[in-house]
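Student: Could you go through this structure with me, step by step? I would like to learn how to read it.

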Amino acid sequence: MRLTLCPLLICLSLSTGDAQKVTPEDMAARVKMEFLHAWNGYKTYAWGHDGFKPVSKTYYDWYGTPFYLTAVEALDTMTLMGLTEEADSTREFIATHLSFDRDVYVNVFEFTIRIMGSLLTNYQLSRDERLLHLADDLGKRMLPAFVTGTGLPYLEVNLRTGAVRGEMSNPAAAGTLLVEFGSLTAMTGKGEYYNSAKLALLALYGARSEIGLVGDGINVTTGEWTKTDSHLDAGIDSYYEYVLKCGYLFDDSDCKQMWLTHFEAINKYLLDSSSTGYWYGHADMNTGKRTKSWFGALEAYFPACLALFGQVNKADRLLQSCFTMWCKYGIEPDEYNYITGKAEKPRYYLNPEIMESAYYLYETTFDPVYQNMGKVFLDSLVTYCRTDEGYTELDNVVTKAKMDRMEPYFMAETMKYLYLLFAPPEVLPFDKVIFNTEGHPIRRAW
Ligand code: DMJ
């Protein structure tokens with residue numbers, strides 16, 4: 001007879017008793033091994049390209065011409081894991097092959113968080129000036145995107161010609177740039193980077209509704225809202241994250257004030273609870289009226305923000321809810337309806353946010369309960385997403401049907417946060433860095 005075990009029960013038992021028998025050292029070693037499994041798959045089948053398709057064992061590039069995204073994203077994770085030889089040769093490859101002199105339109109937000117973020121972190125870790133030079137070159141090529149009249153950047157810029165396109169943007173795309181552009185100013189002395197990204201943040205803040213919320217669609221040339229749903233999810237998420245983080249990273253008093261205003265509104269209009277836990281839902285940005293009782297994998301970044309802001313109880317309660325969302329199917333869905341307890345969008349894209357929040361809460365409290373959660377996350381990934389040669393996204397967390405894609409952020413974030421959750425404190429001083437939204441830690445060295 002075949003026994004079907006309930007994922008919730010497995011999760012709960014693993015997150016309490018059993019997990020404590022495994023030491024953090026064992027866990028850090030396991031994560032490192034799994035990282036190498038994914039990295040070796042990429043190197044064997046997709047080297048020289050952006051991403052790895054681990055089922056068909058081939059590669060993909062975002063724009064026809066490669067920017068080596070997986071290698072770029074994985075570099076600081078390798079350094080932190082002590083994979084020094086691998087990191088040195090990868091850095092050498094990037095420094096000698098990565099070029100932004102390409103006639104392609106790229107997404108300003110994605111190139112900032114993924115490539116510029118990684119280059120800055122890896123410059124700080126290695127002091128290899130070539131990486132800073134590359135970040136500066138990328139920054140210069142993206143500056144034309146900010147010339148809109150409103151300060152909000154276009155979605156895309158042509159790296160060679162400076163031509164721009166994409167008026168329909170959102171707060172996450174327009175407002176997740178200052179950690180990187182501001183750090184680039186601090187490292188190069190060129191003020192235009194900080195000023196451009198800061199003006200975009202100020203423009204978004206200035207467009208907030210009377211009740212202090214933002215919507216999830218904005219036209220960058222008119223500054224008009226095109227969508228008014230408000231939430232902590234994709235399209236808005238990292239705007240709030242950067243308002244909070246830039247207050248700390250640059251001691252920026254505008255950002256501190258902006259965060260306080262938004263935080264009050266978020267708690268007043270989005271905070272919700274149900275029999276399934278404590279959540280943040282969706283509401284109309286103008287009226288505050290509830291629009292959806294959904295919470296998803298991406299929103300699991302918010303406990304980390306709450307912990308960073310010193311609201312540890314709130315952070316813990318929200319993370320516990322995220323954990324029940326994970327345990328419901330043994331892995332989290334992209335969107336979960338916290339009233340019905342059902343997956344509204346059942347995909348899992350190898351997202352890191354829940355691991356990120358467990359790491360922040362562990363670093364804030366040193367309570368092993370968060371490491372026990374981390375063990376559940378790793379076990380689930382190994383059980384459901386591991387392939388012969390790497391890790392893949394799931395088409396459906398209920399059936400566990402696999403897709404054929406390993407997102408580069410799996411190497412930058414998912415594996416890194418899991419590793420740091422178990423690694424000794426000397427690997428990275430948590431209180432001395434601010435992570436960009438792609439998991440690349442920036443040290444305040446100014
Ligand atoms: C990452 O690319 C970034 O963290 C982004 O801000 C949103 N989330 C994805 C991974 O889930």
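Student: At what angle do helix H3 (residues 69-80) and helix H16 (residues 409-422) pack?
Tutor: This is a predicted model, in which local features need pLDDT of at least 70 and side-chain atom pairs count only at pLDDT 80 or more, while totals for chains, interfaces and linings use all residues. Residues are numbered from 1 along each chain as its sequence is written, and side-chain values use heavy atoms, with hydrogens and water left out. Helices (H or I, at least four residues) and strands (E, at least two) are DSSP runs, numbered from the N terminus. The axes of H3 and H16 (lines fitted to C-alpha atoms, for helices over the stretch in contact, with angles from 0 to 180 degrees between N-to-C directions) are 7 Å apart, and the packing angle is about 15 degrees.

Student: Is H3 roughly parallel or roughly antiparallel to H16?
Tutor: Angles under 35 degrees count as roughly parallel, over 145 as roughly antiparallel, 65 to 115 as roughly perpendicular and the rest as oblique. The angle here is about 15 degrees, which makes H3 and H16 roughly parallel.

Student: Which residues of H3 and H16 make the contact?
Tutor: Contact means heavy atoms within 4.5 Å. H16 contributes Tyr 409, Met 411, Ala 412, Lys 416, Tyr 419 and Leu 420. From H3 come Thr 70, Glu 73, Ala 74, Asp 76, Thr 77 and Leu 80.

Student: Is Asp 76 buried or exposed?
Tutor: Asp 76 is found in helix H3, and it touches several residues beyond four places away in sequence, including Ser 118, Asn 122, Lys 416 and His 440. Buried means under 20% relative accessible area, exposed over 50%, partly exposed in between (1.4 Å probe, protein chains only). With a relative accessible area of 0%, Asp 76 is buried.

Student: Where is Tyr 68, and what is its phi near?
Tutor: Tyr 68 lies in the loop between S2 and H3, and at 9% relative accessibility it counts as buried. Most residues other than glycine have a negative phi. Tyr 68 has a positive value, near 55 degrees.

Student: What is the relative accessible area of Lys 57?
Tutor: Lys 57 sits in the loop between strand S1 (51-53) and strand S2 (58-60). Its phi is positive too, near 55 degrees. Lys 57 is partly exposed, with a relative accessible area of 32%.

Student: How many of the 14 residues of H6 are buried?
Tutor: Among the buried residues of H6 are Leu 131, Leu 134, Asp 137 and Met 142. They pack against helix H4 (84-97), helix H5 (108-126), strand S4 (156-158), helix H8 (178-188) and helix H9 (191-206). H6 is largely enclosed by the rest of the structure, because its buried residues number ten.

Student: What does helix H11 (residues 253-270) reach from its first C-alpha to its last?
Tutor: The expected span of a helix is 1.5 Å times one less than its number of residues. H11 has 18 residues, for which 26 Å is expected. The reach of H11 is close to that, at 25 Å.

Student: Which residue has a side-chain oxygen that reaches a backbone nitrogen at the start of H11?
Tutor: The backbone nitrogen belongs to Asp 254, and the oxygen reaches to within 2.9 Å of it. The side chain is that of Asp 252.

Conventions: Polar contact = N/O pair within 3.5 Å; in protein donor to acceptor, adjacent residues only side chain to side chain.
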